[in-house]
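User: I would like to learn how to read a strand in its sheet and the packing around it. Could you walk me through an example?

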Amino acid sequence: MKYLDEFNDPQLARRLLDEIRATATRPWALMEVCGGQTHSIIRHGIDQLLPEEVELIHGPGCPVCVTPLECIDKALEIAARPDVIFCSFGDMLRVPGTDRDLFRVRGEGGDVRVVYSPLDALQLARSHPDRQVVFFAIGFETTAPANAMAVHQARRLGLANFTLLVSHVRVPPAIEAIMTAPACRVQGFLAAGHVCSVMGMGEYPELAERHRVPVVVTGFEPLDILEGIRRTVAQLERGEHRVENAYPRAVRPEGNPAALRMIEEVFEVTDRSWRGIGRIPASGWRLREAYRDFDAEHRFDVTGIRTEEPAECRAGEVLQGLIKPTDCAAFGTTCTPRTPLGATMVSSEGACAAYHLYRRMSEPALPREEMNPVG
């Protein structure tokens, strides 16, 4: 615990906040891309402790939240089939599809199981050769290596009853889409440290240069986030737009070579739809032709699905950083964690869930002198 406590030190937090206040001389809008960072920011009140010149905008960094509704509905159709064991991480079970979720499918008799790794699903396929085992492979670059390894092992073992329903997305194309949107206000990015621990930092310098925005690779503890903010604001004040690594204890510039090789072997880049945002070119992965037999969409031929988002849900605007969750009229009323309209209220990394969990309803912020940094 000592190591973690060092990144929650109130005295160090106050010093970093003082540095940020002393540095910021004009308004700056920064986006944290990762949903895990969003929850840490809201939980510790970091956004309320910052000087008024610095605004944090929550980005589309929740993998559950951006999984497209069409893919959720495909998952529901496959999971309801009597010959299927459908495996998923737990945070996907309550994500609403068009008219139900995976919990409801399970309640209606579908064999839906929560697993903690795609390799758990692989073991189920070995133990149940008479059943089709499908793993719901969602996520950003962080979950891709394990999913690729599961398919690699399935082919090596000759398992004909194991497939992935793939909805992988990539961060850099999402940043490109955000920066080219007409209503974009983002002037700097806190890049997700766990993504960069896999992929490295090689894709960010071109983005930073083209859009003239600093990109600071940032961790998830309160002091990590404050340090990322401090570095980003310092660059903006100096008129710089470089890529910096503020998370060196976990991130190397080249990333994880073994993980990258596994991803490259199994997946290829493709266009991908993001829930609430739309189609972003080259923003996802799909299985390569050599692994197409392990593609659940291909095996189960789930086509012709029509989807429709609830009209009152503004989760797409939240994901793009255009509004805060409390700007949505449904927030905390018709949309709650028990009765979610969109995935941002369900996921453990969703911005709406963070605001609801950590009391951010509609009350005004506390006076800064009454707040205790990271305490």
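This is a predicted model: local features need pLDDT of at least 70, side-chain atom pairs count only at pLDDT 80 or more; totals for chains, interfaces and linings use all residues.

User: Where do I start: what helices and strands does the chain have?

Analyst: Helices (H or I, at least four residues) and strands (E, at least two) are DSSP runs, numbered from the N terminus. Here there are 17 helices and eleven strands. The radius of gyration, taken over C-alpha atoms, is judged against a globule rule of 2.2 Å times the number of residues to the power 0.38. The chain has 21 Å, close to the 21 Å from the rule for 375 residues, so it is as compact as a globular protein of that length.

User: What is the strand order in the open sheet of five strands?

Analyst: Two strands pair if DSSP finds at least two bridges between them. The order is β2-β1-β7-β8-β9, with parallel pairing. β2 and β9 (243–245) each have a single partner strand, so one side of each lacks a neighbour in the sheet.

User: How many bridges join β1 to β2, and how many join β1 to β7?

Analyst: Five bridges link β1 to β2 (residues 54–58), and M31 stands opposite I57 there. Three bridges link β1 to β7 (residues 188–192); in β7, L30 has G188 as its bridge partner and M31 has F189.

User: Are the two faces of β1 covered or open?

Analyst: In a regular strand the side chains alternate between the two faces of the sheet. Buried means under 20% relative accessible area, exposed over 50%, and partly exposed in between (1.4 Å probe, protein chains only). In β1 (residues 28–32), five of five residues are buried: W28, L30 and E32 on one side, A29 and M31 on the other.

User: Which members of the largest nonpolar core touch the most others?

Analyst: A nonpolar core is a set of buried Ala, Val, Leu, Ile, Met, Phe, Trp, Tyr and Cys residues joined through side-chain atoms within 4.5 Å. The largest has 88 residues, and F86, F162 and F189 touch the most other members. A second, separate core of 34 residues includes I42, L236, V318 and Y355.

Note on methods. Residues are numbered from 1 along each chain as its sequence is written. Side-chain values use heavy atoms; hydrogens and water are left out.
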